[in-house]
Amino acid sequence: MTTKSTAETDEIIICRDVHKWYGDFEALRGVSLTVKRGEVIVIIGPSGSGKSTFIRTINRLEEHQQGEIIVDGITLSHDIRNIAEIRREVGMVFQQFNLFPHLTVLENIMLAPMNVRKWPRPKAEERARHWLARVGIPEQADKYPGQLSGGQQQRVAIARTLCMEPLILMFDEPTSALDPEMIKEVLDVMRDLATSGYTVLAVTHEMGFARTVADRVIFMDGGLIVEQNTPTEFFANPQNERTRQFLSQILSH
Amino acid sequence: MTDIAPDAGGRPPSIPFWRDSRVLGVLAQIAFFTLVVAGLVGLGRNVAGNMGRLGENQLLCRDGSSNFRCAFDFLRLDAQFEIAETVIAYDPSDSYGRALLAGALNTAKVGFFGIILATILGTATGIARLSSNWLIRTIARWYVDLIRNTPLLLQLFFLFFGVILLLPSIRQAAQPFGLPIFLSQRGINLPGVALMPSFTLWLALIGVGLLAAGVVWWLLGRRERRLGRDTRRSLWALLMLLLFAVPGWFVAAAAGAGNQGFVVAADAGIATPADVAARARAALGVDDLSAVEAAVAAGELTPEQVEAATVTLCTVEGAPAEANAAAWLRRAAVPYDVERAPGPNEAIRAYLDGDCRLLVLSRAALTAAAVPNSAIVPLPETPLRLDVPRIEGLNFVGGLKLSPNFAAILIGLVIYTGAFIAEIVRAGILSVPRGQSEAARALGLSEGQRLRLVVLPQALRVIIPPLTSQYLNLVKNSSLAIAVGYPDLWSTAYTTLNQSGRAIQVFLLVMGAYLSFSLVISFFLNWYNRRIALVER
Amino acid sequence: MATLYHNVRAVLRGEAADHFSLGHYLREHLLARPWLLLWLLLLTYITVRVVMSQLADAPLTTLVVLLVWGVSVVATAAAELTRRHSPATLWLSHNLYNSLTNALLTLLLVLVLLGLGRGFFGWAVTRASFTTDPDAAKAQLAAHEEPGANWGAVGDNFRNLMVFRFPREEDWRLWTLLAWLAVLAAASGFVYGRAVFRRSPLRRGLTLLWLLTPVLSFVLLVGLGGEGSFLPRLNPDIAWGGLLLTLIIAVFGILASFPLGLVLALGRRSRVQGVPAWLVWAASLALLAWLLVTQSLPGLRAATTTGGRIVALWPLLLLPAALLITRAFRGNLVALLSTAYIEVIRGVPLITILFMSIIIFPFLLPPGMEILGTWRVMAAVALFSAAYLAENVRGGLQSIPRGQYEAADALGLSTFAKYRIIILPQALRAVIPAIVGQFIALDKDTTLVGIVALIELLGVANLISAQPDWLGVRREPYVFIALIYFTINMLMATYSRRLERQLGVGER
């Protein structure tokens with residue numbers, strides 16, 4: 001067993017000098033980040049800055065080629081057992097929801113608890129209904145994803161992630177594929193979760209969310225963390241030239 | 001199980017290999033590969049164990065020893081079987097290798113013509129399926145449904161045994177619509193085109209015409225850009241080409257007037273080709289030679305009389321002069337017969353022996369031969385002469401000849417594949433969104449430009465990949481030729497296999513050959529596909 | 001044509017003076033499009049020729065057709081002019097007479113179709129004989145100058161066409177199997193379509209019964225016991241034939257190819273860590289050296305021609321092969337072998353594979369072991385079909401968005417669970433139409449087993465023409481079995497199209 005030398009400490013995610021290449025293109029050029037238990041972090045940056053790639057390396061949807069990632073004391077490597085353990089503890093919500101279209105909403109949520117955590121069906125179903133109620137759509141349990149609106153689908157996706165009872169929640173631009181009137185319902189759920197003790201890593205363009213909920217805002221560009229700070233400081237007093245430029249472009253309209 | 005200190009200088013932690021995804025992947029693959037190889041080795045052992053049944057001479061070398069190396073040495077042995085039709089010269093005393101090559105070329109022949117014709121038929125049908133005329137649409141749909149849902153082999157059998165072999169015998173060959181196309185049990189005979197010596201001149205004139213058309217096209221293109229309106233330059237360019245091609249035909253014909261000629265006895269009283277017809281008329285006592293057949297049928301003339309008036313030509317096998325003379329005699333309706341010799345000297349000897357009344361050769365050969373007591377009469381010519389098939393004895397002579405077997409496999413494959421291509425073309429055209437056509441019209445493009453510049457490039461991108469696999473299917477399906485007796489690759493390979501007993505080697509060769517056909521076709525179409533993909537950007 | 005109508009209407013209303021001139025119309029609409037004019041002239045010429053010949057052949061029908069055509073064209077034109085369309089003229093003006101060329105084409109095609117139809121009808125009905133008594137048939141046909149179809153040959157051989165030599169006293173087995181399938185199919189239509197039964201034991205039971213069907217089919221079609229027992233063993237080489245054999249081979253081919261096809265599809269798409277390049281190169285160089293020493297050197301010594309020397313150097317082909325493995329496949333041997341199998345099988349005609357099963361299979365078996373021809377052919381068809389199925393399944397796998405894989409990974413599902421629960425159910429559902437298409441192709445390809453001496457539907461049809469009673473009767477059985485194939489395949493194709501629509505609308 002790997003030691004849980006960091007498990008007792010507050011640091012639940014430790015990334016050191018993470019590099020990632022796609023062929024000749026270096027997508028991550030040495031990203032280092034430490035996240036404390038219960039911390040809410042919002043990552044922003046222009047498209048192609050590597051922010052999505054970065055959070056996807058944390059649950060091994062992308063393989064990092066250099067550096068070190070430790071999640072809840074488990075080192076992420078080629079060890080398939082470690083990968084499975086980390087994925088159990090890290091939940092992820094995608095931009096395109098990625099619900100399973102051939103399963104009902106309830107089956108979508110119960111799937112992982114039953115197959116990965118090996119819960120018995122009654123327990124899985126009870127928890128699934130609980131989380132569905134928590135995201136506010138208990139009446140949609142027996143519908144298929146295709147019959148729901150985008151906002152509802154994204155809330156089902158969040159419930160599906162929560163039902164695995166993860167320690168860490170990662171959001172990869174969860175509102176980018178939604179119509180404006182649906183963004184709010186998803187953001188409300190996210191806000192609710194952020195304030196109830198989860199460790200949250202969110203890539204998003206919702207500056208309001210970042211301002212009000214985040215403990216720390218991180219700005220990435222060109223595969224590097226350019227600047228990080230508390231939201232108040234970050235938005236009021238950006239240190240880096242590129243950050244200022246990005247913020248002025250985003251906030252100007 | 002080593003402990004990892006988080007700050008151990010970036011050294012990767014060691015993982016037990018049975019949990020390392022990289023090692024596991026490689027191990028699984030090597031295990032898989034070993035399993036496959038072991039299976040193959042096992043099969044190989046069984047083959048070795050069965051060698052007694054295969055025969056000891058399987059691996060015979062020329063020096064009499066037996067070695068794995070010599071597995072393919074049998075290809076040099078004499079084939080000793082006939083192949084009914086070949087593209088290259090082939091004789092039963094040739095080797096198995098050459099027999100297989102002849103078969104492969106026959107397959108290539110079917111594949112080549114089949115692909116061209118099936119593409120034409122399929123495209124036409126695909127467009128017909130989208131016609132605004134309900135009747136055309138429906139007929140095309142029935143054709144496609146009927147053909148796609150019945151087996152090709154059944155269609156081939158029906159075509160061969162139920163249609164082609166039930167055609168009339170060669171003497172009563174059917175001529176659809178009175179065209180010079182002859183359908184009989186012995187196959188299909190089509191008129192061919194014989195190139196005369198003056199063809200080169202005509203081709204040169206056409207070349208000049210093309211050049212002129214290009215210049216007109218370019219000049220009018222500049223004018224179009226200057227004036228900003230259509231000047232119908234394609235029509236003018238075509239007119240320019242015709243301006244050279246049509247007079248060029250007559251110029252070349254006049255220039256070639258002395259290229260060919262025939263020799264007659266000096267005392268025969270023939271000075272021009274027209275005298276031949278006049279003499280035939282006089283001999284038969286009729287004014288119009290085209291009425292001879294009717295007269296024979298009515299009993300006014302006996303076949304013997306016609307026989308006596310028939311003009312015999314001596315000529316060289318395959319010489320253009322024969323086609324020229326025959327075309328001329330046919331137009332004048334003079335009954336004629338041909339004696340073919342392998343070379344000019346043999347033809348002259350035959351003439352001197354009295355086998356024929358006319359010796360038809362190129363002028364140069366005639367002058368050089370200097371036949372005594374005779375005159376040389378020049379033969380008029382045009383750059384191209386229609387070479388119409390003609391019954392001589394029990395066979396058709398001249399023109400293009402499709403054996404019943406070749407006709408069955410070619411027509412069968414074209415009809416079958418055409419139905420599949422039709423669906424591909426239709427889907428391709430439908431795949432271009434309506435908005436594209438609307439945008440093109442809104443920009444003011446003409447209908448032709450809309451199709452050529454907007455719809456077609458996009459449709460082709462959808463059409464080419466499935467079209468490739470249809471072409472491959474056509475070539476593979478040509479192996480059914482064995483059912484209608486056409487000696488294609490598979491058919492010759494099967495005979496080779498039975499005669500030589502080298503089953504495994506022959507199968508390897510055949511599979512290799514079909515795979516190469518597939519590779520060649522895929523290569524060309526992939527190359528084309530890449531090109532249109534590039535044009536698109 | 002619309003413009004023409006418009007202009008004629010203008011003339012009729014007396015507006016012609018300023019709006020319509022024939023010369024202008026011709027210049028604008030015919031002379032401006034020389035190709036159209038040419039096409040119109042050619043079409044007119046052909047139509048006139050065909051009308052003439054048809055008038056000579058069948059004056060009455062042709063006159064009626066001409067009359068109907070003329071009246072309907074005039075009616076349509078009148079309706080168009082007055083803008084008072086009846087539903088019939090509206091349909092005509094849209095579908096048959098929407099342009100001058102189309103009106104001509106309609107007439108031409110109707111006449112040609114009538115001519116062909118008359119010929120076929122005369123052959124198949126008027127001049128045909130329907131009796132199964134060969135002598136009576138001969139007499140009936142002899143009465144016509146051009147004898148028609150001899151349908152008695154088909155009627156007389158109906159049982160042969162259906163089951164060929166299946167023993168009559170065992171017919172009940174076939175009826176039992178048919179009844180079983182019919183009941184299951186009817187029950188499936190009821191149970192699988194309804195959401196109520198989604199988790200019910202009824203559905204599981206039905207699935208179980210379906211899974212039992214192959215076993216039952218084998219028991220019924222082949223038998224168990226010895227001579228004289230309740231289910232005597234039949235020899236498929238003899239007992240199976242006709243439509244029965246066609247269906248057995250096609251259904252078996254598609255079902256048996258499933259496991260291998262699935263593995264091949266997954267194998268070809270696999271992205272597992274490749275064998276390192278150094279290992280590939282080391283192994284192939286070692287093999288190359290060994291082959292050069294043991295094979296090429298003696299070969300070079302024995303060779304007399306340059307060609308022979310080049311051939312003797314064949315082990316050098318290992319170098320491009322190693323390059324292919326390391327570059328194109330990144331050392332992924334699973335993908336390499338799957339791809340090789342798929343492409344080789346798809347690259348060669350089925351007929352070679354069938355012959356291989358007959359000629360080469362026996363040599364691949366341990367000495368002394370024999371397998372019946374039918375089994376060998378069925379195995380060959382399944383192996384052949386697997387390569388095509390793999391490509392279809394691969395298409396289905398490709399149609400699954402990457403997000404589905406990622407979501408399954410992010411949830412921590414194992415690779416096996418990911419494919420079993422998420423990917424394959426969706427991929428297979430997406431390719432059902434393609435698989436039905438493959439079944440149709442396989443059903444048609446089954447005719448080829450006739451070439452390797454199994455007597456399926458087409459084989460029986462060919463045998464009929466050799467029977468003394470029906471010597472040379474070929475077209476009739478061909479037409480009959482074409483009808484059988486057409487019906488089966490058309491039904492499947494229609495079903496598949498309906499399914500495609502349902503899948504397209506249903507859940508995405």
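This is a predicted model: local features need pLDDT of at least 70, side-chain atom pairs count only at pLDDT 80 or more; totals for chains, interfaces and linings use all residues.

For the complex, the predictor reports an ipTM of 0.88 and a pTM of 0.84. Going chain by chain, chain A has a mean pLDDT of 88, with 96% of its residues at 70 or more. Chain B comes in at a mean of 83, and there 93% of the residues reach 70 or more. Over residues 1–11 of chain B, though, the pLDDT is below 50, and that stretch makes twelve contacts in the model beyond near neighbours in sequence. For chain C the average pLDDT is 85, with 93% of the residues scoring at least 70.

Okay, domains. Chain B is split into domain 1 at 1–49, domain 2 at 106–189 plus 403–536, domain 3 at 195–255 and domain 4 at 260–387. If you take centres over C-alpha atoms, domain 2 of chain B and domain 4 of chain B are 43 Å apart. In chain C, the assignment gives domain 1 as 33–107, domain 2 as 167–233, domain 3 as 238–272 plus 334–508, and domain 4 as 274–331. The C-alpha centres of domain 2 of chain C and domain 3 of chain C sit 22 Å apart.

Now, where do chains B and C meet? The contact uses 49 residues from chain B and 46 residues from chain C. On the side of chain B that touches chain C, the elements giving two or more residues are helix 1 (21–49), helix 4 (134–148), helix 5, helix 16 (447–477) and helix 18 (503–536) of chain B. Which of those gives the most? That's helix 1 of chain B, with 14 residues.

Helix 5 (residues 152–163) of chain B packs against helix 14 (residues 404–431) of chain B at about 135°, with the axes 9 Å apart. Because of that angle, helix 5 of chain B counts as oblique to helix 14 of chain B. Their crossing is right-handed. If you want to click on the residues, helix 5 of chain B contributes B:Leu152, B:Gln155, B:Leu156, B:Leu159 and B:Phe160, while helix 14 of chain B brings B:Ala408, B:Ile409, B:Ile411, B:Gly412, B:Ile415 and B:Tyr416. That makes nine nonpolar and two polar residues in the contact, with no charged ones.

Next pair: helix 6 (residues 199–227) of chain B and helix 7 (residues 233–255) of chain B, at about 160° with axes 8 Å apart. Over 145 counts as roughly antiparallel, so that's what helix 6 of chain B and helix 7 of chain B are to each other. Helix 6 of chain B crosses helix 7 of chain B in a right-handed way. The contact has 22 nonpolar, three polar and two charged residues.

Last one, over in chain C. Helix 14 (residues 242–269) of chain C and helix 21 (residues 373–399) of chain C pack at about 50°, with their axes 5 Å apart. So helix 14 of chain C is oblique to helix 21 of chain C. Here the crossing is right-handed, and the contact holds 18 nonpolar, four polar and three charged residues.

That's it from me.

Note on methods: Residues are numbered from 1 along each chain as its sequence is written. Chains are lettered from A and ligands numbered from 1 in the order in which they are written. Axes are lines fitted to C-alpha atoms, for helices over the stretch in contact, and angles run from 0 to 180 degrees between N-to-C directions. Helices (H or I, at least four residues) and strands (E, at least two) are DSSP runs, numbered from the N terminus. Angles under 35 degrees count as roughly parallel, over 145 as roughly antiparallel, 65 to 115 as roughly perpendicular and the rest as oblique. A crossing is left-handed if the near helix is turned anticlockwise from the far one by less than a right angle, and right-handed if clockwise. Two residues are in contact if their C-beta atoms, placed from the backbone, lie within 7 Å. Ala, Val, Leu, Ile, Met, Phe, Trp, Tyr, Cys and Pro count as nonpolar, Asp, Glu, Lys and Arg as charged, and the others, Gly among them, as polar. Domain bounds come from an automatic or database domain assignment. pLDDT is the predictor's confidence in each residue, from 0 to 100.
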